[in-house]
Structures are given as structure tokens and as C-alpha cells.
Amino acid sequence: MKFTYYFGVAAVLFATAACQSDRESVQSPAPVMSSVYNEDVTSTGSVATPDLAGARAALATTTQQQEVLSYINQARSMPCKCGTTTYPAVPALTLDSQLNSASDKFALDLATYNYFSHTGRDGSQPWDRMTREGYVWRAAGENIAAGYSTTRAVVDGWLKSEGHCKNIMSANFKNVGVGYAYSASSTYKHYWVTDFGTRR
């Protein structure tokens, strides 16, 4: 399994083992994931919207978005261990339609064009895509994953990885958007995006 993450600016991020489920084992091919975080950085400006005309990938359903939100908020409701650090319980996140849109569009792009990166084909970073949807942020982060077939599996995978867990448990975030896309012709089939943010 590949785990990579970076933090754009040093920030206090928050996430005991009680927040993680033992259910849902790894499928084949082995899932991959990555996370990023940024704070108080001026947006790089607008970027072109990817041309997804004719895209065949299936997008997130409201049920999937609500399930991911529920699992994330269950984790946030109690102390949670991310790596070697235990983070305190933090307030629940709310789904945001603009972040949902940014997450869904990016998941669709990943699945349709069969790649895995926080950098979009147009050069955009997560905060650029949030800004493009009209979300004016002061803290922004993104978790992505591929290869997980259920909402429970992907959230558990994120909680077991330090960088992703920190984004989930961060008190800096108030909102989240959930994106999912499926493409049978792609390497990992299932692609997940959660965009985290707090408005300016």
C-alpha cells in the first residue's frame, strides 16, 4: 500500500484507536491514498475546468456522501490516535455543496483519466478547485484514495494513516465535501476525494 502526504504550511492538526474499525480488509489491487493541507495562502487564481464531456464514470450519491460524513463525524466525536499522537474530540463537520462539487469533479477526473495525484491535469491544487467552486477558504485540505469499494473501507483506511487521520481530526476544519467516481476501465476502479475547509 502506498501512503504519501505533505502539509503546505505548518499547522496544528488534530486525530485513539477507538475511532478505527477493524472491518473491511484490503482489496486487490492494493488501495492507495494521499493527503494535503494548506492554510492562509492566497489562491493561485482560476484554473480551467477540465473537459469531461462524454465521461462515463459514476459519481457520488447522496447516500455515499452522508455515509462518509457520518463515519468521519463518528471519529471526530472521540479522541483518536493518528500515528503516535492522540488528538482530542472535535466538533462535527457539515457537508458543503461547493466542496461536494469540487470533490466530485476531481474524483471524476481521476477515474476518467486514470491517474492518482492531488495535482489536477490542469495543474490545479485542491484549494484551487475549491476556489473555482466559489468556496472562499482560510484552511483547506484534501484526502484522496483509490481502490476502496465501500464508504466504510475508505474512511477506515484514512483513519489508519497518519496524515489522512490528521485531516479528519483537524479542529481547523468546519466543512467537508465528498466525491466518488467509478470507472471499470481505470486501474483502481473506485476513486474517493474528501475536500476539507473552513470559510474565510
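Biologist: Why is Asp109 called buried?

Modeller: Its relative accessibility is 2%. Buried means under 20% relative accessible area, exposed over 50%, and partly exposed in between (1.4 Å probe, protein chains only). At 2%, Asp109 therefore counts as buried. One caution: this is a predicted model, where local features need pLDDT of at least 70, side-chain atom pairs count only at pLDDT 80 or more, and totals for chains, interfaces and linings use all residues. Residues are numbered from 1 along each chain as its sequence is written, and side-chain values use heavy atoms, with hydrogens and water left out.

Biologist: What makes Arg121 and Asp109 a salt bridge?

Modeller: The N to O distance is 2.8 Å. A salt bridge is a side-chain nitrogen of Lys or Arg within 4 Å of a carboxyl oxygen of Asp or Glu. The pair therefore qualifies. Arg121 lies in the loop between helix H2 (97–113) and helix H3 (126–132), and Asp109 in helix H2, so the bridge ties together parts twelve residues apart in sequence. Helices (H or I, at least four residues) are DSSP runs, numbered from the N terminus.

Biologist: Why is Arg121 called partly exposed?

Modeller: Its relative accessible area is 43%.

Biologist: What makes Arg152 and Asp156 buried?

Modeller: Arg152 has 8% relative accessibility, and Asp156 has 1%. Both values are under the limit for buried, so both residues count as buried. Their side chains meet in a salt bridge at 2.7 Å, N to O. Both lie in helix H4, four residues apart, about one turn of the helix.

Biologist: How do you know that H1 makes contact with H4?

Modeller: Contact means heavy atoms within 4.5 Å. Among the residues making the contact are Tyr71 and Ile72 of H1, and Arg152 and Val155 of H4. The axes of H1 (residues 62–76) and H4 (residues 151–159) come within 9 Å and cross at roughly 35 degrees. Axes are lines fitted to C-alpha atoms, for helices over the stretch in contact, with angles from 0 to 180 degrees between N-to-C directions.

How values were computed:
Helix = DSSP H or I, 4+ residues; strand = E, 2+ residues; numbered from the N terminus.
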